[in-house]
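Please look over the sequence and the structure before reading on.

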Amino acid sequence: MVETQPTPASVSSTTPLGESSWWEFSIGLDIHGLVAGVDEVGRGALFGPVVAAAVILPPVALPQLMALKINDSKKLSSSRRTQLAQQIAELALDWKIGYAATAEIDKLNILQATLLAMKRAILKLKVQPAICLVDGNQMVKDLNIPQQTIVNGDGRSLNIAAASIMAKVWRDDLVLRLASKYPMYEIENNKGYGSPRHLLALQKYGPSPLHRLSFRPCQLR
């Protein structure tokens, strides 16, 4: 596994960066070659897979995405995420989705399943990046590509922000398709997360085959 060692103070800072100071434009990381941003969604959900995306953007796309006001997917409306996902797909040199199923989450634990989903997304890329910028503070195991972890990366790296959007839109679409099979949980409204009505439905009906039994709210008492 090839790893790069970041400067902790610069990479893990929680201070929001200005629009002109996205990580790729910082002198703190001297990158030569193509960059893949990697992020996940669904880590805290009770239902369905954890999903990761890996996105490689050409340098010329970065100013365009800044002009489009790209942001962390959690800070965007559903319609805006969908619009940006379409534009990212057109601009990206390559992007891929990886996921870990509910059974894998229960077997491995959510952290290891998340890293597995990230690894799967990266390994699906047909274009080889020079480095992967990974959201969070955990390296992807056994990855033969240099990688850099960035805490709060979806607010600091345009590539990671793009990955967060692609993963979120893909997972939401999947969850909406699955929702019709389990109407009692109102998955279409909570996307599998533990909303009050979702928790009440779990208490009344118990978990479905796609609920994460290793998560306490899904465990039968």
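The points below go from the whole chain to the sheet and then to the cores.

The model is predicted: local features need pLDDT of at least 70, side-chain atom pairs count only at pLDDT 80 or more, and totals for chains, interfaces and linings use all residues. Residues are numbered from 1 along each chain as its sequence is written, and side-chain values use heavy atoms, with hydrogens and water left out.

**Whole chain**

- The chain holds 8 helices and 5 strands, where helices (H or I, at least four residues) and strands (E, at least two) are DSSP runs numbered from the N terminus.
- Along the sequence these elements follow the pattern α-β-β-α-α-β-α-α-β-β-α-α-α.
- Of the 221 residues in the chain, 48% are buried, meaning under 20% relative accessible area with a 1.4 Å probe, protein chains only.
- The accessible surface of the chain is about 10,800 Å², and carbon and sulfur atoms account for 55% of that surface; areas come from the Shrake-Rupley method with a 1.4 Å probe.
- Contacts (heavy atoms within 4.5 Å) between residues at least 6 apart in sequence join residues at least 24 apart in 68% of cases.

**Sheet**

- The 5 strands form an open sheet in the order β3-β2-β1-β4-β5, with mixed pairing; two strands pair if DSSP finds at least two bridges between them.
- At the edges are β3 (94-100) and β5 (147-150), each of which pairs on one side only.
- On average, neighbouring strands of this sheet are turned by 20 degrees against each other, direction ignored.
- β1 and β2 run antiparallel and are joined by 7 bridges.
- D39 stands opposite A53 in β2.
- Helix α5 lies across β1, β2, β3 and β4, and runs at about 150 degrees to β3; axes are lines fitted to C-alpha atoms, for helices over the stretch in contact, and angles run from 0 to 180 degrees between N-to-C directions.

**Nonpolar cores**

- A nonpolar core is a set of buried Ala, Val, Leu, Ile, Met, Phe, Trp, Tyr and Cys residues joined through side-chain atoms within 4.5 Å.
- The largest such core has 34 residues, and V38, V50, M118, I122 and C132 touch the most other members.
- Two or more residues each come from β1 (35-41), β2 (50-57), α5 (110-124), β4 (131-135), α6 (158-179) and α8 (196-205).
- The most come from α5, which gives 7 residues to this core.
- Beyond its neighbours within four places in sequence, M118 contacts V38, D39, E40, A52, V134, D135 and V140.
- Another core, of 23 residues, lies apart from the largest one and includes L65, L158, A163 and V169.

How values were computed
Buried < 20%, exposed > 50% of the residue type's maximum accessible area, 1.4 Å probe, protein only.
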